[in-house]
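Subject: Structure handover

Hello,

Here is the structure you asked for. Please open it next to this email and follow along; the notes come after it.

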Amino acid sequence: MPSREALVAIVGEANVLEPPAAAMREVRWGTGESCRCRLLVTPTDTQQVAAIVLACNASGQKIVVHGGRTGMAGATVSRDNDLVLSLEKLNRIEALDPVGRTMLAGAGATIHEVQEAARAKGSLFAVDFGARGSAMLGGAIATNAGGHRVFRYGMMRDHILGIEVVLADGTIVDSLKEIIKDNSGYDLKQLFVGSEGTLGIVTRAVLRLRPITTSRNTALLAFDSFEQVIVFFRWIEARLAGTLSAFEVMWRPFFKAMTAHRGAVTGIDTEATLYVLAEAEGSDSERDGPAFLEVLEDAFEQGLVASGVIAKSEAERNALWAIREDVDVLMRLGDRLDFDVSVPLRTMPTYLEKVEGELQAAINECSLFIFGHVADNNLHLMTVRAGSFTPEERQRIKDIIYLPLGAIGGSISAEHGIGLDKKASLSLTRNPSELALMQRLKFCLDPQNLLNPGRILDMD
Ligand SMILES: Cc1cc2nc3c(=O)[nH]c(=O)nc-3n(C[C@H](O)[C@H](O)[C@H](O)COP(=O)(O)OP(=O)(O)OC[C@H]3O[C@@H](n4cnc5c(N)ncnc54)[C@H](O)[C@@H]3O)c2cc1C
């Protein structure tokens, strides 16, 4: 393993942290679990990343890559003998081309910084999710992050035009293209998107920006059944002609828990079965508001929606979004297991009925909170108990939630990735030929299994 002196020679004294300093960092969001490592390095440019990786390659040193550490699959958890490499200092927004609508940014820029830089130049970086203030570009690329605008703009991979990565042997691959179409051979950038840092370390990327939106209209709506939600979704998607940008669904227990400490939301049935946060973003700030209102009035008249409120100010909009996004409220309720599954829409109600029934029968005093990006088939499920779950109960809960997914064409991970936490369940929704190909790719690019070992697949 490279000596401390060798690493200091590459990145400088200030960029090598000893274990006590590294331990101040949380590696599993919201748990307080601290970072363990041999050393933690914070390189400041791509050449330094490559030099560190080369030194590790020569000595067989395992590397765990850190971005903003908001990942939900335990992928940034490290061991005492790992070298942790954090991209936080590669955080420059290097260039923004308003004509081509592209941005070149470092892997350590946060999603919020990228969004704001785009906005300052009249463009939109459309990827958005609750952890925007901490999650970094490299982490979002490595996890192929989703969020609440996916059905309109796509996932992270749809926003990447070019990429720069450092491979496990220290090679820098410069594929920083700015063009939308490029069929000249393999689409190499996509190999690294969603690979969770197991195939290469992302150092910079060229992002595709979109036209900025100038109007934002948001409503919280109540429904009596899932079928009504889906009928309404298809209806409003067509009526708003491409401007619907968020359609977040919350089941009643989730809604109640998230609103319990805020006081009642006025104007909406607080005993409804489901709630939808619907948002449209457009480019005509004068006409979009009245048009949104008219569409919702039509929905009420046609009986598509039971009740609802429209945000009349930015403060009201933020308050509605907080109901969906401030999920740390749930984390204070006790021991919990989080799930991020994909389920085809037509089987979602029967899947959830089965999960709820089996959880109720098998696990005492277990609350189930369901919410998610339903328009993208994506459900988040949180099981919570005031006391602790036993290891057997944890396994039983996983079985109840994961085992039905294979047969219905679902996925054990919609957007959070596999990391360390879901590796044991990967074969439930990926077949042997897929798993074998993943292993071959990993072996080809990282034969010593140095980069993020044990994430997604076991190689050793
Ligand atoms: C409140 C909250 C809400 C969230 N909402 C969403 C959501 O709606 N949609 C969604 O998709 N996710 C969501 N997440 C999960 C998380 O924010 C995303 O997975 C995010 O993309 C992770 O970015 P990060 O910088 O924190 O990565 P980290 O957690 O630091 O790392 C995640 C993975 O990427 C690897 N990695 C990090 N940087 C690099 C790099 N430069 N090169 C190669 N590998 C790298 C790590 O090794 C690890 O495997 C949420 C998380 C929280 C806490």
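A polar contact is a pair of N or O atoms within 3.5 Å. With that cut-off in hand, G146 qualifies, because a backbone N or O atom of G146 lies 2.8 Å from an oxygen atom of the ligand. Please keep in mind that this is a predicted model.

The ligand

For R69, a backbone N or O atom is 2.8 Å from a ligand oxygen atom.

Which residues come nearest to the ligand? They are V65, G68, T70, G71 and N452, out of 34 residues around the ligand. By type, the residues of this shell divide into 15 nonpolar, 16 polar and 3 charged.

Some of the shell can be traced to helices and strands. Strand β3 (63-66), helix α5 (137-142) and strand β10 (201-208) each supply at least two of its residues. The largest share comes from α5, with 4 residues.

Helix pairs

Helix α1 covers residues 4-11 and helix α3 covers residues 46-59; their axes come within 9 Å and cross at roughly 160°. That angle makes α1 roughly antiparallel to α3, since angles over 145 degrees count as roughly antiparallel. The crossing of α1 and α3 is right-handed.

Helix α13 (residues 348-362) packs against helix α14 (residues 391-402) at an angle of about 160°, and the two axes are 9 Å apart. α13 and α14 are therefore roughly antiparallel to each other. Their crossing is right-handed.

How are helix α9 and helix α11 oriented to each other, roughly antiparallel or oblique? The axes of α9 (residues 252-259) and α11 (residues 314-325) come within 8 Å and cross at roughly 120°. α9 and α11 are therefore oblique to each other. The crossing of α9 and α11 is right-handed.

Regards

Notes: Residues are numbered from 1 along each chain as its sequence is written. This is a predicted model: local features need pLDDT of at least 70, side-chain atom pairs count only at pLDDT 80 or more; totals for chains, interfaces and linings use all residues. Side-chain values use heavy atoms; hydrogens and water are left out. A residue is near a molecule or strand if one of its heavy atoms lies within 4 Å of it. A polar contact is a pair of N or O atoms within 3.5 Å; within protein, one must be able to donate a hydrogen and the other to accept it, and residues adjacent in sequence count only if both atoms are side-chain atoms. Ala, Val, Leu, Ile, Met, Phe, Trp, Tyr, Cys and Pro count as nonpolar, Asp, Glu, Lys and Arg as charged, and the others, Gly among them, as polar. Axes are lines fitted to C-alpha atoms, for helices over the stretch in contact, and angles run from 0 to 180 degrees between N-to-C directions. Angles under 35 degrees count as roughly parallel, over 145 as roughly antiparallel, 65 to 115 as roughly perpendicular and the rest as oblique. A crossing is left-handed if the near helix is turned anticlockwise from the far one by less than a right angle, and right-handed if clockwise.
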